[in-house]
Structure formats: C-alpha cells, structure tokens
Amino acid sequence: MSATPVDQPAAETVWAVVRNDEEQYSVWAADSEPPAGWHREGTTGTRAECLAHIDRIWTDLRPRSLREAMDDT
C-alpha cells in the first residue's frame, strides 16, 4: 500500500490532474486511483505545477451541462 500525500513530504508527492464528466478539474495523488467519476487528464508534476496547468486550461468554471444549457437558449 502506498503512503497517502499526507504521509509524504510535499516535495516527494507527485500529483495528477483529474477531470470529471462535467469538465471540472482537480489534483489527485498520482499513485492513487482517482475517485469514481474522475479521470486522469494526462498532466502530472508537483501540486503547484498541476494547479498552474489547471489555471491555464480551465477558463470557464461553469459545469459542462450548464454551459450547454445556456448555449441552447
């Protein structure tokens, strides 16, 4: 069993960017499976690197279903 991010020094934890079906983003420890409904996006690195990546690509924070509903009106 791998250690949780809480058990590891921050410098040793590798993080992964994850995304759900609503196209919302988060970070998750790279050595752990993401929770149900979340999938790896492909980016890994330090927590700061992953959060910077999310900041660059997640420009519309509305869930996908809301964006689609608003586009239909």
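User: Does Val 17 count as buried or exposed, and at what relative accessibility?
Analyst: In this predicted model, Val 17 lies in strand 1. Buried means under 20% relative accessible area. Val 17 falls under that cut-off and therefore counts as buried, at a relative accessibility of 0%.

User: Which residues is Val 17 in contact with, leaving aside its neighbours within four places in sequence?
Analyst: The list takes in residues of strand 2 (25-29), strand 3 (residues 38-45) and helix 1 (47-57). Leaving aside neighbours within four places in sequence, the contacts of Val 17 are Tyr 25, Ser 26, His 39, Arg 40, Glu 41, Gly 42, Thr 43, Cys 50, His 53 and Ile 54.

User: What is the bridge partner of Val 17 in strand 2, and how many Å separate the two, C-alpha to C-alpha?
Analyst: Strand 1 and strand 2 pair in the antiparallel sense over five bridges. Within strand 2, Val 17 has Val 27 as its bridge partner. The two are 10 residues apart in sequence, and their C-alpha to C-alpha distance is 4.6 Å.

User: In what order do the three strands form the sheet?
Analyst: Strand 1 pairs with strand 2 in the antiparallel sense, and strand 1 also pairs with strand 3 in the antiparallel sense, over five bridges. Strand 2 and strand 3 each pair on one side only, as edge strands. The twist from one strand to the next averages 35°. The sheet is open, and its order is 2-1-3.

User: How many of the six residues of strand 1 are buried?
Analyst: Strand 1 pairs with strand 2 and with strand 3. Helix 1 lies across strand 1 as well as strand 2 and strand 3. Strand 1 is largely enclosed by the rest of the structure, because its buried residues number five of the six.

User: Which six residues make up the largest nonpolar core?
Analyst: In soluble globular proteins, nonpolar side chains tend to be buried together. The core residues are Trp 15, Val 17, Tyr 25, Val 27, Cys 50 and Ile 54.

User: With which side chain does the side chain of His 53 make a polar contact?
Analyst: His 53 is found in helix 1. At 14% relative accessibility, His 53 counts as buried. Not counting residues up to four places away in sequence, His 53 touches Val 17, Glu 41 and Thr 43. The side-chain polar contact, at 3.2 Å, is with Thr 43.

User: Which residues form the aromatic pair, and how many residues apart in sequence are the parts it ties together?
Analyst: The structure holds one aromatic pair. Tyr 25 and Trp 58 form it, with 5.7 Å centre to centre and 55° between the planes, a tilted arrangement. Tyr 25 counts as buried at 16% relative accessibility. Because Tyr 25 lies in strand 2 and Trp 58 in the loop between helix 1 and helix 2 (64-71), the parts tied together are apart in sequence by 33 residues.

User: Which residue in the hairpin of strand 1 and strand 2 takes a positive phi?
Analyst: The hairpin has four residues between the strands.

User: What percentage of the 73 residues in the protein is buried?
Analyst: The protein has two helices and three strands. Among contacts with a separation of 6 or more, residues 24 or more positions apart account for 40%. The buried share of the 73 residues is 21%.

Conventions
Residues are numbered from 1 along each chain as its sequence is written. This is a predicted model: local features need pLDDT of at least 70, side-chain atom pairs count only at pLDDT 80 or more; totals for chains, interfaces and linings use all residues. Side-chain values use heavy atoms; hydrogens and water are left out. A nonpolar core is a set of buried Ala, Val, Leu, Ile, Met, Phe, Trp, Tyr and Cys residues joined through side-chain atoms within 4.5 Å. Buried means under 20% relative accessible area, exposed over 50%, partly exposed in between (1.4 Å probe, protein chains only). Rings of Phe, Tyr and Trp (its six-membered ring) pair if their centres lie within 6.5 Å; planes under 30 degrees apart count as stacked, over 60 as edge-to-face and the rest as tilted. Two strands pair if DSSP finds at least two bridges between them. A polar contact is a pair of N or O atoms within 3.5 Å; within protein, one must be able to donate a hydrogen and the other to accept it, and residues adjacent in sequence count only if both atoms are side-chain atoms. Contact means heavy atoms within 4.5 Å. Axes are lines fitted to C-alpha atoms, for helices over the stretch in contact, and angles run from 0 to 180 degrees between N-to-C directions.
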